[in-house]
Amino acid sequence: MEKDTDRKPIVTCHGEQELFSSVKAELLQSLQRDPMEWRRSYGRAPKVVFVDVNFVQFSADALPNENDRHLLRKPFFHTYWTDCADADAYKLVVKDEISSWQQMLKEHNVQDWMIILVETSNPKRGQKPKLSLPRSSVADKIKNDFCSRQSDRVIVLHEPPPVPTPRSIESWQNFLQRLRQLVLVSYNRVLGKFEEMVRGERERRNEKGWEFCRYFLLQEELAFTFETLYQYEDALVQYDELDALFSQFIINSQAGGKYTEL
């Protein structure tokens, strides 16, 4: 039986895994708590959705390729976590880690990512340097090195939960809002490509060798995707289209049409 997490869109985490683990539980609960307006392409009416994802550790082997026919089983958004507060440590270690991570994403034509610089009162990376720069300068370096044209792709998260200070609460809410926005932008991109694939497969239904079962799995995954966003009407539309296509499939098969037999 397929687990619920298997049907959630996948977001990867790279960098300091212990740091991410310290906020993961609260992030999973908070991310889906408030709705977001989702604006689709092609002039479609905006929808109110809840962002609910499955976070997994980053792996280059799991990155999608151009011929991938899965929507929910491949990661579509990627995050890098660090609490580096030292400019020297950033130059020697973190910068190369981020550069290597981004290079892997580029090799798979992945455009959707986010870098999270966490402010903590007790940074773990390295010891206090002889010449300490303000923490904000590390954020500035990340922006200059990797986000000069996309400043929204890096965010400073101040003392994340469970620290209950007004500043940390405001910072956490800003982070959640930014993450939801970027996730939905990525979703639009990935979902649009997948919908084009489904349409292209449907248009080839009169070709020799076309398989209804293969097409069914594609459009069913599209339906599952809408379900994860709580867009049940859009999910039902996919099943209605499958039902209509299957009925026509049977009629054509009985009449000796071109559809391949099941």
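**Salt bridges, burial and a pocket in a predicted model**

Me: What makes Asp112 and Arg189 a salt bridge?
Reply: Their side chains meet at 2.9 Å, N to O. A salt bridge is a side-chain nitrogen of Lys or Arg within 4 Å of a carboxyl oxygen of Asp or Glu. So the pair qualifies. Asp112 lies in the loop between helix 2 (87-107) and strand 6 (113-119), and Arg189 in helix 4 (residues 166-203), so the pair ties together parts that are 77 residues apart in sequence. Helices (H or I, at least four residues) and strands (E, at least two) are DSSP runs, numbered from the N terminus.

Me: What kind of model is this, and how are residues numbered?
Reply: It is a predicted model: local features need pLDDT of at least 70, side-chain atom pairs count only at pLDDT 80 or more, and totals for chains, interfaces and linings use all residues. Residues are numbered from 1 along each chain as its sequence is written, and side-chain values use heavy atoms, with hydrogens and water left out.

Me: Why is Asp112 called buried?
Reply: Its relative accessibility is 3%. Buried means under 20% relative accessible area, exposed over 50%, partly exposed in between (1.4 Å probe, protein chains only). So Asp112 counts as buried. Arg189 has 29%, so it is partly exposed.

Me: Which residues are linked in a network with Asp112?
Reply: Salt bridges link Asp112, Arg153 and Arg189 in a network.

Me: How many salt bridges does the rule give?
Reply: The count comes to 10. One of them joins Lys47 and Asp234, with the closest N and O atoms 3.6 Å apart. That pair links distant parts of the chain: Lys47 is in strand 3 (residues 47-49), Asp234 in helix 6 (residues 232-254), 187 residues apart. Lys47 is partly exposed, at 25% relative accessible area.

Me: How do you know that Glu241 and Arg202 form a salt bridge?
Reply: The N to O distance is 3.9 Å. The limit is 4 Å, so the pair passes. Glu241 sits in helix 6 and Arg202 in helix 4, 39 residues apart. Glu241 is partly exposed at 36%. Arg202 is also partly exposed, at 24%.

Me: Why is Thr12 called buried?
Reply: Its relative accessible area is 2%, so it counts as buried. Thr12 lies in strand 1 (residues 10-15). Leaving out residues up to four places away in sequence, Thr12 touches Val56, Phe58, Pro75, Phe77, His78 and Thr79. A contact means heavy atoms within 4.5 Å.

Me: What lines the largest pocket?
Reply: The lining has 21 residues, and Pro64, Asn65, Asp68, Val190 and Lys193 lie nearest the centre. On a 1 Å grid over the protein atoms alone, a pocket is an open set of points where a 1.4 Å probe fits, with protein on both sides within 12 Å along at least five of seven lines; lining residues have an atom within 4 Å of a point. Helix 4 gives the largest share of the lining, 6 residues.

Me: How many helices and strands are in the protein?
Reply: The protein has 6 helices and 7 strands. Of its 262 residues, 43% count as buried. Among contacts between residues at least 6 apart in sequence, 73% join residues at least 24 apart.
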